[in-house]
Amino acid sequence: MSHLPSSLVLVGAGKMGGALLEGWLALGLEGARITAIDPHPAPQMIALCAKHHVRLNPTDAVAAPQALVLAIKPQMLDEAASALKALVGPHTLVLSIMAGKTIANISARVTDAPTQPIVRAMPNTPASVGRGITGAFANAAVSTEQRAMAHALLAGVGQVEWLADENLIDAVTAVSGSGPAYVFYLVECLAKAGQAAGLPDDIAMRLARATVEGSGELLFRDGQTEAAQLRKNVTSPGGTTAAALEVLMASNGLAPLMERAIAAAARRAGELSG
């Protein structure tokens, strides 16, 4: 609680912005300290703000907060730039979760100060259930206290990993930002393979979903054990799992395929940056 800001403006209260807001409130940040700005808030967001006394789309002027969180769609940045600039004071920490928008791009649009403290972060969709992970990078203007503040805000929805180089955000986007889609696709593929092996469609999907859900929970609960060791724990020499892994771990198997997929995603993230 000590690292949470005394005043915060959240711009963009969609799925990710809403997940962050719920996380902050759960951490104990008083709703009265928060102002949320969203032109089209969902009914549940309106209800959440009303319940916790969060100011939603106030008509009066909003003072520059201690922290300004940008959770809008990246394509909206240019349109919102002038309004955002009015919210940025000299000591305001700007925390952006906009995909593809670099610190230089954000700085050029929301502040006239070349030394504005800005943190760029990439969370992922499991943040909506408090199990996300975020990669973050702070520019040189961010103080130790502001970094702790950003960490506390991001930790409201899961784990936080700090990066030494902003360019690594593209790799974070490829691995964890887009990663949930890969896992969901694994469930699809596992279910289809089960169907091909003769299982009824509904049973195959239930088996696939429950297997991935349970395996993820094992990873979560046994956080000190390497994934490779957990894999070995399931694999009996000469058994059924070993037979399947022989295919998946072949020279043209899953590892090189995943490397190509991550490289493609990271390359596209770089192309979209601006």
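1. Charges. The protein has 20 positive and 22 negative charges, and their mean positions are 2 Å apart. Here Lys and Arg count as positive and Asp and Glu as negative, while His and the chain ends are not counted. Each charge is placed at NZ of Lys, CZ of Arg, CG of Asp or CD of Glu.

2. What you are looking at. This is a predicted model, in which local features need pLDDT of at least 70 and side-chain atom pairs count only at pLDDT 80 or more, while totals for chains, interfaces and linings use all residues. Residues are numbered from 1 along each chain as its sequence is written, and side-chain values use heavy atoms, with hydrogens and water left out.

3. Overall build. You can look for 11 helices and 8 strands; these are DSSP runs numbered from the N terminus, with helices (H or I) of at least four residues and strands (E) of at least two. The C-alpha atoms fill a box of roughly 70 × 40 × 35 Å, taken along the principal axes.

4. Threonine 173. Find this residue in helix H6 (residues 169-177). Threonine 173 is buried because its relative accessible area is 16%, and buried means under 20%, exposed over 50% and partly exposed in between (1.4 Å probe, protein chains only). Leaving aside residues up to four places away in sequence, threonine 173 touches Met122, Ser178 and Ala269, where contact means heavy atoms within 4.5 Å.

5. Methionine 249. Now compare a residue in the loop between helix H10 (240-248) and H11: methionine 249. Methionine 249 counts as exposed because its relative accessibility is 52%.
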